[in-house]
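Reader: Hey, could you walk me through this one? I'm new to reading structures.

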Amino acid sequence: MRKPLVAALFALVIAGAGAAPAVAAPAPESASAHGSASAVTADTRAPALKAVSLAGTVALSNCSGSVVRFPNSADTDPALVLSNGHCLETGFPEPGEVIVGQSSSRTFGLLNSAGTKVATLRASKVAYSTMTDTDITIYQLTSTYATIRNSYGISALTVQNTHPTAGTAITVASGYWKKLYNCNVDGFVYRLKEGDWTWKDSVRYTSACNTIGGTSGSPVVDQATGKVVAVNNTGNEDGERCTVNNPCEVDASGNVTVRRGINYAEETYQIPACFTTGNKLNLAASGCVLPKP
């Protein structure tokens, strides 16, 4: 997985300036070690941006994320922030571990379309977090969608409730780095294995999305619809096989493929079925297939 920035930068200090680990996020000239870049940057090799900006993305202390809603969410519902399981402030969930309703007062820097921070949002709890089958954390906020929109002019990103399609033009929108990575869905991975964790039906990007540390938790947005189809989480950095920061692909027959330099995301279409009226988590709801505690 894309190691959270605190851990990555600590590793850089230990290794020394001449031996920076690949997981450390290189700070751009206009950014501090905590990603305070003042302008949006874009991958020059990417296709032309269509419907996607940084509006609605958030910067965490060590990762990226986004304010999200589901097709049936109401404006009066408490807003939600989507990031990675491995971005959870209390540490990586263990394989098989599912965290529900954990108290949290974590803060998030809300960005507008230009990548300017317009507000600080605060969590009331971790609604759901796991690194089993997928790699997600969903925070419930103290603000409603209506309050955020009326106060700051920012609308939440909608999570698509259908499976993404190969070939789709996508943008990985990093609130931490205030940067947009543009590429396509290259295909889907039966099982993606990294260290002790295994994820199901992961999204593989084409090579143009060369995401780095700090982009963990970024929404993966369909350029045509503006909807979230996945959450960015990892990439194979050194060509190693199935190790931390070097995930491998495993097919249904158990064959292993290593793709150095290729990055991945976890699908999000299965999440809306697990949240019912009032954005309340209900893992027993019909159609909910997220892992249960």
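Reader: Which residue lies over the face of Tyr145?
Author: That's Arg69, at 4.8 Å from the ring centre. A charge counts as over a ring if NZ of Lys or CZ of Arg is within 6 Å of the ring centre and within 35 degrees of the ring normal. Arg191 also lies over a ring face, that of Tyr190, at 4.1 Å from the ring centre.

Reader: Ok, and what kind of model is this?
Author: This is a predicted model, where local features need pLDDT of at least 70 and side-chain atom pairs count only at pLDDT 80 or more, while totals for chains, interfaces and linings use all residues. Residues are numbered from 1 along each chain as its sequence is written, and side-chain values use heavy atoms, with hydrogens and water left out.

Reader: How many aromatic pairs are there?
Author: A search of the whole structure finds four. Rings of Phe, Tyr and Trp (its six-membered ring) pair if their centres lie within 6.5 Å; planes under 30 degrees apart are stacked, over 60 edge-to-face, and the rest tilted. One of them is Phe70 with Phe275: the centres are 5.0 Å apart and the planes at 40°, so this pair is tilted.

Reader: Where do Phe70 and Phe275 sit in the chain?
Author: Phe70 is in the loop between β3 (64-69) and β4 (78-83), and Phe275 is in strand β18 (residues 275-276), 205 residues apart. Strands here are DSSP runs (E, at least two residues), numbered from the N terminus.

Reader: Is Phe70 buried or exposed?
Author: Phe70 counts as buried, at 5% relative accessibility, and Phe275 counts as buried at 8%. Buried means under 20% relative accessible area, exposed over 50%, and partly exposed in between (1.4 Å probe, protein chains only).

Reader: Why is the pair of Phe92 and Trp197 edge-to-face?
Author: Because the planes are at 75°, with the ring centres 5.8 Å apart. Phe92 counts as partly exposed at 32% relative accessibility, whereas Trp197 is buried at 10%.

Reader: New topic! What's going on around β14?
Author: Strand β14 (residues 228-235) is mostly covered, with eight of its eight residues buried. Three bridges join β14 to strand β13 (residues 219-222), and these two run antiparallel. Strands pair if DSSP finds at least two bridges between them.

Reader: What's in the turn between β13 and β14?
Author: The two form a hairpin with five residues between them, and Gly226 in the turn has a positive phi of about 80°.

Reader: And which strand do five bridges join to β14?
Author: That's β17 (residues 263-267), also antiparallel to β14. There, Ala230 has Glu267 as its bridge partner.

Conventions: Helix = DSSP H or I, 4+ residues; strand = E, 2+ residues; numbered from the N terminus.
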